[in-house]
Amino acid sequence: MIRVILIDDEEDALDLLEILLGQMGNVEIAGRYLNPIQALEDLSRTMVDAVFLDIQMPGMKGTEAARRIRSISPDLPIIFTTAYAEYALEAFEIDSTDYLLKPFTVNRLQTTVARITKNLYKQASSPELKKPSVPSVLSLGGFHIVSLGETGKEVIWKTKKERELCAFLIHHEGKRVSAAVIIEALWPGYDLEKAKSYLYTCLSYLRRSLTEHEVAIHIRKGNQGFSADLNDITIDVSQFETLLNRILAEEQMNEMHYDQMNEMYIGDYMDGCNFDWAIAKQLDIKSLYVRALRKWHVHYRSQGKLLFAADSLQRLLSLVPDSEIDGRALIKLYLDLNNRSEAYRVSLQLEQAVRVQLGTELEEETLLLVQKTIEGSERTAR
């Protein structure tokens, strides 16, 4: 049974929402409030699984109430119930679970309850997920190794090149790499004898660091090369690639994979490390993620879940801000949501990205869409 509280300044709205949730069969109303301030006071003393929250309320807007709820319970699912589409972006920034536009249907509400249930399942299973049975290699958003000996303790490197050597060997996924290839990647242009000395010093540091932190990665030497024996070490980028390929191959989309995919992606492969040898794989991973986000956009659009479709395009444009085809899709989506201010904001960002990154002007199709957005905004202002 899911326990929820309802907050809305209209008694009729509370009555209708309670009736609809009652038809779900697995939802208990733990409280209903016309006053969001009173709800916040009670929330600090009441255990609930989710909050249904109106936005336009006297005294305190729902978005402000949501931010205060976040300070009380950071992971509590918040579902906005409103007649106004223009608060969708702010709702996503607050990390709301759903955004229901009034009047909503029982079927739409069932989707929301399913998302709450999924969130509870994730919370119940997360303690086990956060206790890795083996060390983890984290290469999305940087490069880090979490040790097994002390939970959550990160391996501390003696030198930057020791860290890069470890990353380079893991990058090759257990394959033996010759000393010449390693030197060319890590010490290009160096005197060969000095480079060999640096290599063997780093190998010595690396073996010692892995041993001290009880990381079961073994550096092997053989046939004039070196390899990292990964045993059963988990590598985040490998799991991410597997998930993306699964999504791209799926005929029936599993919406749990959307959240999982976005939670895993915390940045580009080896992001910020300045490893030239990692660039090709970095681009490959980003390309896979972009393709997956485009597929999710098509899926959510076909399901009429426009806010999730917008979320997928927003994430996509953060990766490829000069993509006009995706920018146009997001502008059209916001126009469908009657949110011309967001449509105009996207068009300005797209124009800036195209000019700065490509050194060119927007395509004619994009310009026509931008003009339509501007004209619509001017009519609204009048």
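Colleague: Where is the place of S96?

Modeller: This is a predicted model, in which local features need pLDDT of at least 70, side-chain atom pairs count only at pLDDT 80 or more, and totals for chains, interfaces and linings use all residues. Residues are numbered from 1 along each chain as its sequence is written, and side-chain values use heavy atoms, with hydrogens and water left out. Helices (H or I, at least four residues) and strands (E, at least two) are DSSP runs, numbered from the N terminus. On that numbering, S96 sits in the loop between α4 (88-93) and β5.

Colleague: Is S96 buried or exposed, and which residues does S96 touch?

Modeller: Buried means under 20% relative accessible area, exposed over 50%, and partly exposed in between (1.4 Å probe, protein chains only). At 12% relative accessibility, S96 counts as buried. Contact means heavy atoms within 4.5 Å. Not counting residues up to four places away in sequence, S96 touches I78, F80 and A91.

Colleague: Which residues of helix α7 are buried, and why do they line one face of the helix?

Modeller: Helix α7 covers residues 179-186, and its buried residues are A179, I182, I183 and L186. Seen down the axis of α7, these fall within an arc of 95° (taken from the directions from the helix axis to the C-beta atoms), so they line one face. An α-helix has 3.6 residues a turn, so residues three or four places apart point the same way.

Colleague: What covers the buried residues of α7, and which exposed residues does the face turned away carry?

Modeller: The cover includes α6 (160-171), β8 (177-178), α8 (192-212) and β10 (225-229). On the face of α7 turned away from its buried side, the exposed residues are A180 and E184.

Colleague: How many salt bridges does the structure hold?

Modeller: A salt bridge is a side-chain nitrogen of Lys or Arg within 4 Å of a carboxyl oxygen of Asp or Glu. Side chains of opposite charge can pair when their charged atoms come close. By that cut-off, the number of salt bridges in the structure is 24.

Colleague: How far apart are the closest N and O atoms of R32 and D15, and which residues are linked with them in a network?

Modeller: R32 lies in strand β2 (residues 27-33) and D15 in helix α1 (residues 11-22), so the pair ties together parts that are 17 residues apart in sequence. R32 is partly exposed at 28% relative accessible area, and D15 is partly exposed at 32%. The closest N and O atoms are 2.7 Å apart. The network of salt bridges links E11, D15, E18 and R32.

Colleague: Which residue meets K102 in a salt bridge?

Modeller: K102 is in the loop between β5 (98-101) and α5 (106-129), and its partner is in strand β3 (residues 50-54), 48 residues apart. The N to O distance is 3.6 Å, and the partner is D54.

Colleague: What is omega at the peptide bond that joins K102 and P103?

Modeller: P103 is found in the loop between β5 and α5. The bond joining K102 and P103 is cis, with omega about -5°.

Colleague: Where do R315 and D311 lie?

Modeller: R315 forms a salt bridge with D311, with the closest N and O atoms 3.0 Å apart. R315 is partly exposed at 32% relative accessibility, while D311 is buried at 10%. They are 4 residues apart, about one turn, and both lie in helix α12 (residues 306-319).

Colleague: What is phi of E214?

Modeller: E214 is in the loop between α8 and β9 (218-222). At 52% relative accessibility, E214 counts as exposed. Its phi is positive, in a residue other than glycine, and is near 55°.

Colleague: How many residues has the largest nonpolar core?

Modeller: A nonpolar core is a set of buried Ala, Val, Leu, Ile, Met, Phe, Trp, Tyr and Cys residues joined through side-chain atoms within 4.5 Å. In the largest one, the residues with the most contacts inside it are L53, F143, I145, I182, I217 and M261. Helix α12 gives the most to this core, with 9 residues. The size of the largest core is 98 residues.
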